[in-house]
Amino acid sequence: MRTDIFARLDREPEPPKIVAPRMSRHRIALFGGTLAFYLAIVWAVLITSWLVALDWKVMLFRPYQQWPELHAFLDYYVVLGQRGPTAVMVACWLGWRSWRQHTLRPLLVLGTSLLLLNLSVGAVKLGLGRLGPHYATQIGSAEMFAGGDIFPSGHTANAVVTWGILAYLATTPRARRYLSAVSATVSLGVGLTTVYIGTHWLSDVVLGWAAGLLILLALPWFEPLIARTETWIFAMRERWRERRGGARPAPVTGAGPQPVLLPQSMATEGLAPGTVTTAAEPVHPAGHPATGARARAHGGHPARPGGMPVAPTRVRRPPPHTERGARGSGSPARPMTGG
């Protein structure tokens with residue numbers, strides 16, 4: 001087992017037991033208070049209250065002219081609230097977590113939150129139709145229902161949701177506290193940056209904070225749906241793997257090799273008598289042309305009725321001649337006579 005710091009980068013052998021947040025009473029109370037604050041901001045802008053007057057004072061103050069040295073840095077910092085770059089960065093991190101923990105929940109939670117963000121914030125933007133500071137037509141007016149799309153601030157709401165997801169998916173209380181502080185700081189800075197540049201009213205930013213927080217607080221209601229979606233995706237993956245692998249071919253049940261007796265002549269040439277395994281040959285009836293051809297191939301020997309050639313009759317050779325006189329025998333040798 002690795003004990004160095006890089007061991008935390010390895011894939012876990014089994015999926016960890018992660019308990020999804022529940023909609024507790026404390027969370028429900030926060031959700032209700034945030035929703036009431038959200039509606040109060042919308043109502044204050046609709047009736048052109050003191051909040052609209054504050055928007056005009058901040059806009060006419062022109063912060064980008066008061067502190068021009070910050071403009072170059074804040075032009076890059078505001079990218080942390082744009083949908084595309086932030087979604088890609090957070091999706092890469094959560095994708096690695098999904099691979100490491102054998103679960104799709106981090107990516108599904110991110111997708112659910114972004115979908116809720118598009119539906120809720122986008123619907124309010126188009127429904128209220130407020131114009132931005134650069135397109136305002138009358139000083140002191142709320143500029144509502146004029147065809148705009150900046151109320152609430154999408155940059156601010158996206159920063160709250162995208163970076164807040166990291167705190168929502170944290171597995172330890174300590175990590176959750178640190179990530180909550182970081183996401184709050186980033187989203188607060190992105191919202192104030194849009195006011196500094198002059199693309200949003202101050203009330204747009206305040207409503208964007210509330211809109212993003214509502215989505216984070218409502219995510220536990222969607223946890224059962226996320227769990228069912230993850231189960232369905234894994235089931236579809238297994239089915240696709242089975243279809244891709246295909247059915248295994250069935251074993252061939254044809255006629256296997258049959259033992260055939262060797263001719264006796266082959267046994268006399270040094271081969272051990274017995275059987276060998278050869279491919280089965282078709283058996284033809286007597287008189288079939290193939291029977292005669294096979295008999296000729298075996299040296300003209302007659303064939304049995306079953307088609308097998310008859311082994312030739314073994315010819316016994318006479319034993320070698322013995323000497324007429326055994327050496328050392330008692331018979332006297334015939335005397336040699338000279339002529």
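The model is a predicted one. W96, at 28% relative accessibility, is likewise partly exposed. Both tryptophans belong to helix 5, which spans residues 83-101. They are three residues apart in this helix, so about one helical turn separates them.

The structure holds five aromatic pairs. In the pair of W93 and W96, the ring centres lie 5.5 Å apart and the planes meet at 35°, so the pair is tilted. Planes under 30 degrees apart would have counted as stacked, and planes over 60 as edge-to-face.

R105 is placed in helix 6, residues 105-128. Its relative accessibility is 13%, so R105 counts as buried. Neighbours within four places in sequence aside, R105 contacts I18, A20, P21, Y168, L169, E223, I226 and E230.

Helix 8 comprises 25 residues. From first C-alpha to last, helix 8 reaches 36 Å, close to the 36 Å expected at 1.5 Å a residue. Just after helix 8, G198 adopts a positive phi of about 100°.

Helix 7 (residues 154-168) packs against helix 8 (residues 173-197), with axes that come within 8 Å and cross at roughly 170°. The two helices are therefore roughly antiparallel to each other, as angles over 145 degrees fall in that class. Helix 7 makes the contact through H155, T156, A159, V160, W163, G164, L166 and A167. From helix 8, the contact takes in R176, L179, S180, S183, V186, S187, V190, G191 and T194. By residue class, the contact of helix 7 with helix 8 divides into eight nonpolar, eight polar and one charged.

The buried residues of helix 8 are S183, V186, S187, G189, V190, G191, T193, T194, V195, Y196 and I197. Among them, S183, V186, S187, V190, G191 and T194 also take part in the contact with helix 7. Helix 7 is one of the elements that cover the buried residues of helix 8. The cover also includes helix 2 (50-61), helix 3 (63-66), helix 4 (71-77) and helix 9 (202-218).

Note on methods:
Residues are numbered from 1 along each chain as its sequence is written. This is a predicted model: local features need pLDDT of at least 70, side-chain atom pairs count only at pLDDT 80 or more; totals for chains, interfaces and linings use all residues. Side-chain values use heavy atoms; hydrogens and water are left out. Axes are lines fitted to C-alpha atoms, for helices over the stretch in contact, and angles run from 0 to 180 degrees between N-to-C directions. Helices (H or I, at least four residues) and strands (E, at least two) are DSSP runs, numbered from the N terminus. Angles under 35 degrees count as roughly parallel, over 145 as roughly antiparallel, 65 to 115 as roughly perpendicular and the rest as oblique. Contact means heavy atoms within 4.5 Å. Ala, Val, Leu, Ile, Met, Phe, Trp, Tyr, Cys and Pro count as nonpolar, Asp, Glu, Lys and Arg as charged, and the others, Gly among them, as polar. Buried means under 20% relative accessible area, exposed over 50%, partly exposed in between (1.4 Å probe, protein chains only). The expected span of a helix is 1.5 Å times one less than its number of residues. Rings of Phe, Tyr and Trp (its six-membered ring) pair if their centres lie within 6.5 Å; planes under 30 degrees apart count as stacked, over 60 as edge-to-face and the rest as tilted.
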